[in-house]
Amino acid sequence: MEFIRKYWWCFIIALIVVPIALNFILLIPAFTPIVGDNQTWLSFIGTLIGALASFVMIFFTAKTLKQNEEQLNELKRQWKEEHTPYLSCQLIAKSDKFLLRVLNSSNVTANSVKIIIESVLFKPKDPGEAYTPHNFDKLKDFLTVQEFVVPPRESLYFTIWITPYAEVNNLPSGYISVSLRDESSDFGVYKLYPQNFAFASFEKENIGNSVVNAISEVGRKIENKTFLFK
């Protein structure tokens with residue numbers, strides 16, 4: 001249909017030119033005997049042109065219907081996306097512990113949310129021995145029997161007793177497995193590695209304390225109204 005809107009003037013010209021051209025063509029003497037007279041051939045050509053025009057209209061109508069169907073499917077997809085909860089999770093370093101954050105980043109409420117967690121952690125400096133954070137089993141059992149409601153753009157927080165400010169070598173290796181689903185969707189399994197979320201030193205010992213001390217020194221300088229650089 002876009003072609004017709006763009007070149008509508010060609011159809012107007014064709015409506016004027018085609019009958020005139022047919023009249024001149026039919027008046028040209030035939031070199032060989034033909035069946036029928038000019039009136040018969042004029043009727044045949046008119047019928048043929050009408051059939052071709054009908055075919056073209058059917059073609060463009062079918063193409064338009066297909067485009068409308070694709071647009072409708074896209075609108076349905078967008079509507080479903082906008083009206084379907086989306087849950088994700090992450091570890092957040094907080095003081096002397098981690099917080100497991102379950103976030104609903106959609107604009108609709110997530111109902112009947114199930115959270116299943118598993119510890120696939122190993123002791124620091126002993127990767128062959130399993131490690132279970134304090135009260136982890138209690139949290140696991142609690143989440144197994146509970147269902148939650150997470151409002152739009154809101155989060156749930158659960159305590160994971162692992163110290164995030166330890167050195168990397170003193171943090172448990174491995175990951176915490178978190179499975180999320182609600183009443184209509186399964187959001188898969190997340191693998192959260194404490195070593196990737198911790199405020200830990202990757203270069204030298206006590207870098208965290210050094211940063212804190214440097215910030216404190218800057219604060220004292222500003223409070224005493226002295227300049228750091230002269």
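Biologist: Where does Ser88 sit?
Modeller: In this predicted model, Ser88 has its place in strand E1, which spans residues 87-94.

Biologist: Buried or exposed?
Modeller: Ser88 counts as buried, because its relative accessibility is 19% and the cut-off for buried is under 20%.

Biologist: And which residues is Ser88 in contact with, leaving aside its neighbours in sequence?
Modeller: Once the neighbours within four places in sequence are set aside, Ser88 is in contact with Arg101, Val102, Leu103, Leu180 and Tyr190.

Biologist: What about Tyr86, where is that found?
Modeller: Tyr86 is found in the loop between helix H3 (38-82) and E1, and with a relative accessible area of 45% it is partly exposed.

Biologist: What does Tyr86 touch?
Modeller: Not counting residues up to four places away in sequence, Tyr86 touches Leu103, Asn104, Ser105, Ser106, Phe187 and Tyr190. Tyr86 and Arg181 are 95 residues apart in sequence, while their C-alpha atoms are 9.3 Å apart in space.

Biologist: Let me step back to the whole protein. How many helices and strands?
Modeller: The protein has 6 helices and 8 strands, and read along the sequence they follow the pattern α-α-α-β-β-β-β-α-β-β-β-β-α-α.

Biologist: How much of the protein counts as buried?
Modeller: Of its 230 residues, 24% count as buried, and the accessible surface comes to about 16,700 Å², with 61% of that belonging to carbon and sulfur atoms. As for the contacts with a separation of 6 or more, 66% are accounted for by residues 24 or more positions apart.

Biologist: Which residues have the most contacts inside the largest nonpolar core?
Modeller: That core has 28 residues, and those with the most contacts inside it are Leu100, Ile115, Phe158, Ile160, Val178 and Leu180. At least two residues of this core come from each of E1, strand E2 (97-104), E3, H4, E5, E6, E7 and strand E8 (186-192), and E3 gives the most, with 5 residues.

Biologist: Take Val178 from that list; what is it in contact with?
Modeller: Leaving aside neighbours within four places in sequence, Val178 is in contact with Cys89, Leu100, Ile115, Ile116, Ile117, Gly188, Val189, Tyr190 and Leu192.

Biologist: On to helix H4, then. Which of its residues are buried?
Modeller: H4 covers residues 136-144, and its buried residues are Phe136, Leu139 and Leu143. They cover an arc of only 60° around the axis, which puts them on the same side of H4.

Biologist: Why would residues spaced like that point the same way?
Modeller: An α-helix has 3.6 residues a turn, so residues three or four places apart point the same way.

Biologist: And what is on the other side of H4, and what do the buried residues pack against?
Modeller: Lys138 and Asp141 are exposed on the other side of H4, whereas the buried residues pack against strand E3 (110-123), strand E5 (148-150), strand E6 (155-160) and strand E7 (173-181).

Biologist: Last topic, the rings: how many aromatic pairs?
Modeller: The count comes to 4 aromatic pairs. One of them is formed by Phe148 and Phe158 and is edge-to-face, at 5.6 Å centre to centre with 65° between the planes. Phe148 lies in strand E5 and Phe158 in strand E6, so this pair ties together parts that are 10 residues apart in sequence.

Biologist: Are those two buried or exposed?
Modeller: Phe148 and Phe158 are both buried, and ring pairs link Phe142, Phe148 and Phe158 into a cluster.

Note on methods. Residues are numbered from 1 along each chain as its sequence is written. This is a predicted model: local features need pLDDT of at least 70, side-chain atom pairs count only at pLDDT 80 or more; totals for chains, interfaces and linings use all residues. Side-chain values use heavy atoms; hydrogens and water are left out. Buried means under 20% relative accessible area, exposed over 50%, partly exposed in between (1.4 Å probe, protein chains only). Helices (H or I, at least four residues) and strands (E, at least two) are DSSP runs, numbered from the N terminus. The arc is that of the directions from the helix axis to the C-beta atoms. Contact means heavy atoms within 4.5 Å. A nonpolar core is a set of buried Ala, Val, Leu, Ile, Met, Phe, Trp, Tyr and Cys residues joined through side-chain atoms within 4.5 Å. Rings of Phe, Tyr and Trp (its six-membered ring) pair if their centres lie within 6.5 Å; planes under 30 degrees apart count as stacked, over 60 as edge-to-face and the rest as tilted. Accessible areas come from the Shrake-Rupley method with a 1.4 Å probe; for residues, only the protein chains shown count as cover.
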